[in-house]
Amino acid sequence: MAKTAKFKFSLPALRVLENEHQYLSYLMDEWHTIVLAFERNVYTVEEGHEALQSLRRLIVEFIEPLKNHTEKEEEFLFPMLAQYVGDEQGPVQATEEEHEEIDAYIGHFLHHTLGDVSHFTMEDMQQVVNDAAEAFEVLTVHFVKEESILFPMVDNILRIEEQDKLYEQLYTPII
C-alpha cells in the first residue's frame, strides 16, 4: 500500500514548500543509506570505492532540486518574512546561514571525490563521507526548523494577499 504524504499546513504556499521538503528528504534517504553503511564499516575497500561513486552520483542528482528549492526560499519567502522580522539576526538569517553550511558540506564532499577515488583507503573514504553525513544532519534539522519556526510565521504574520503572492511565486517545479 502506498504511503500518503501528511501535511502540517493548509496554506497553499506552505504546502508547496512542505511537499518539496518531503521530496528532498526522500532523495536524501537514498544517499544517507550509503553514508550509514560507511559509518557501520560494512564495505570492503573495493565495495567502498563503488559505494563512494554511487554516493557522489546521488548527491550530484540531489543538488539541482535542492538548489531550486533554496533559491525559491531565498528569493521569495525570506524577503517577505524579513519585512516583518528583519534579516540582520533571527530566524531568516539563521536559515540563510544553514543554506550556506549545507552548500559547504556538499561542495567539500564533491571537491574531494572529484576524479579517481580508487586510491582512497577506507579511512580516506570514511573521512570524506563524513561531509555527506554532516550535510544530511544539517538538512534534516534545517527542515524541522523551517517547518516549526518559519512556516508558522508565514501563516501568522503575512497578510492574505502576501500569502497568495507567495504561493504564485513558489508554485514552480524543483526538478
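## Annotated span

Helices (H or I, at least four residues) and strands (E, at least two) are DSSP runs, numbered from the N terminus. UniProt lists residues 15–154 as "domain: Hemerythrin-like", in an unreviewed entry. UniProt positions are given in the numbering used here, with feature names shortened, and such annotations may be inferred rather than shown by experiment.

This is a predicted model, in which local features need pLDDT of at least 70 and side-chain atom pairs count only at pLDDT 80 or more, while totals for chains, interfaces and linings use all residues. Residues are numbered from 1 along each chain as its sequence is written, and side-chain values use heavy atoms, with hydrogens and water left out.

## Overall architecture

The protein has five helices and zero strands, and from the N terminus the elements run α-α-α-α-α. Its C-alpha trace spans about 55 × 45 × 25 Å along the principal axes.

The protein has 175 residues, of which 43% count as buried. Buried means under 20% relative accessible area, exposed over 50%, and partly exposed in between (1.4 Å probe, protein chains only).

Helix H1 covers residues 12–39. With 28 residues, H1 reaches 39 Å from its first C-alpha to its last, close to the 40 Å expected at 1.5 Å a residue; the expected span is 1.5 Å times one less than the number of residues. H1 bends by about 30° at Trp31. The bend at a residue is the angle between axes fitted to the seven residues ending there and the seven starting there.

Asn41 follows H1 and lies in the loop between H1 and H2. Most residues other than glycine have a negative phi. Asn41 is not a glycine, yet its phi is positive, at about 55°. The residue is exposed, with a relative accessible area of 54%.

## Helix H4

H4 runs over residues 122–157. Its 36 residues reach 50 Å from first C-alpha to last, close to the 52 Å expected at 1.5 Å a residue. A kink of about 35° is centred on Glu146.

Asp131 is placed in H4 and is buried, at 10% relative accessible area. Between Asp131 and His112 there are 9.8 Å in space, C-alpha to C-alpha, and 19 residues in sequence.

## Salt bridges

Side chains of opposite charge can pair when their charged atoms come close. The structure holds seven salt bridges, each defined as a side-chain nitrogen of Lys or Arg within 4 Å of a carboxyl oxygen of Asp or Glu. One of the seven pairs Glu20 with Lys72, the closest N and O atoms being 2.4 Å apart. Glu20 lies in H1 and Lys72 in helix H2 (residues 45–85), so this pair ties together parts that are 52 residues apart in sequence. Glu20 is buried, with a relative accessible area of 6%, and Lys72 is buried at 6% relative accessibility.

Within H2, Lys67 and Glu71 are four residues apart, which means a separation of about one helical turn. Their side chains form a salt bridge at 3.7 Å, N to O. Lys67 is partly exposed at 40% relative accessibility, and Glu71 is partly exposed at 38%. Another salt bridge joins Glu162 and Arg159 at 3.5 Å, N to O. Salt bridges with shared partners link Arg159, Glu161 and Glu162 into one network.

## Nonpolar surface patch

Tyr23, Tyr26 and Ile175 form a nonpolar patch on the surface, with about 340 Å² of accessible area together. Patches are made of residues with over 30% relative accessible area and no salt bridge; like charges are joined within 9 Å, and nonpolar side chains (Val, Leu, Ile, Met, Phe, Trp, Tyr) within 5 Å. Accessible areas come from the Shrake-Rupley method with a 1.4 Å probe, and for residues only the protein chains shown count as cover. Tyr23 belongs to helix H1 and is partly exposed, with a relative accessible area of 30%.
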